[in-house]
Amino acid sequence: PPPPPVAESQDERQSVLVDKPAIHCYKCRDLCRGEVLRVENRHFHVSCFTCKVCGCDLAQCGFFVKNGEYVCTLDYQRLYGTRCQACGDFVEGEVVTALGRTYHPRCFVCSVCRQPFPSGARVTFNGRECLCHECTQPISPVLRDPSNPSNCAGCGRDIKNGQALLALERHWHLGCFKCRACGKVLTGEYISKDGMPYCERDYHSQFGVLCDGCEKYITGRVLEA
């Protein structure tokens, strides 16, 4: 963003610099008197320095310049901002671009072990997820043992690096705790069936019971009559 506006008093300036021409507001073109905002080499009445889109007061918040127009941060992000492929939030400052996608540096991690990719490291994209070199290596059937308490219950690999999740009395890589039906990574609420996790939608579609009265899925206790 450009530097913040600087408040000046036009009356004070003219009392000292009487030989200079009067300053006019860049927006309304009227003569500037009293308090004036200077933005780069332009001057504004305080009431005239507003967002081109929503009209909010830019003297009290951050702003961007787009095609010579001043736009508040919220409208700039909404209209021109780039969202992180992983978290969906707008990206500002330092970014990581890979495979035509943009990420926050903190969000650009392996989908399985959740470890950040070192600078210059090989990244594999399988069509849905980004994986580090270690997590793309084939493992023998002996090592793929989900029943081993030290291994991930999802992929069977040894959990020795990165973060792990304890759920359903087993350990999982964060990227391996997925809905058994659709494969979506579960980061919030889930429902278990036969020791496997499901997202709420898929659980209800496969195992849910509909109420005969409201035709909504029933959760919790069911009364039979």
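User: Before we start, what should I know about the numbering and the cut-offs?

Analyst: Residues are numbered from 1 along each chain as its sequence is written, and side-chain values use heavy atoms, leaving out hydrogens and water. Because the model is predicted, local features need pLDDT of at least 70 and side-chain atom pairs count only at pLDDT 80 or more, while totals for chains, interfaces and linings use all residues.

User: Okay, cysteines. How many disulfides does a search of the whole structure find?

Analyst: The idea is simple: a disulfide is a pair of cysteine sulfur atoms within 2.5 Å. Here the search of the whole structure comes back with 0.

User: Are Cys 87 and Cys 107 buried, exposed or partly exposed?

Analyst: Buried means under 20% relative accessible area, exposed over 50%, and partly exposed in between (1.4 Å probe, protein chains only). Cys 107 has 17%, so it is buried, whereas Cys 87, with 34%, is partly exposed.

User: Next, strands. How do strand 4 and strand 5 run, and how many bridges join them?

Analyst: Strands are DSSP runs of E, at least two residues, and helices are runs of H or I, at least four residues, each numbered from the N terminus. Two strands pair if DSSP finds at least two bridges between them. Strand 4 (residues 63-66) and strand 5 (residues 69-72) run antiparallel, with 4 bridges. Lys 66 stands opposite Glu 69 in strand 5. The two strands make a hairpin with 2 residues between them, and Asn 67 in that turn has a positive phi of about 55°.

User: Which residue other than glycine has a phi near 70°?

Analyst: That's Arg 29, where the value is positive. Arg 29 sits in the loop between helix 1 (10-16) and strand 2 (35-39), and with a relative accessible area of 54% it is exposed. Leu 168, not a glycine either, has a positive phi of about 55°. Leu 168 is in the loop between strand 10 (164-167) and strand 11 (170-173). At 24% relative accessibility, Leu 168 counts as partly exposed.

User: And where does Leu 79 lie?

Analyst: Look at helix 2 (residues 73-80). At 41% relative accessibility, Leu 79 counts as partly exposed.
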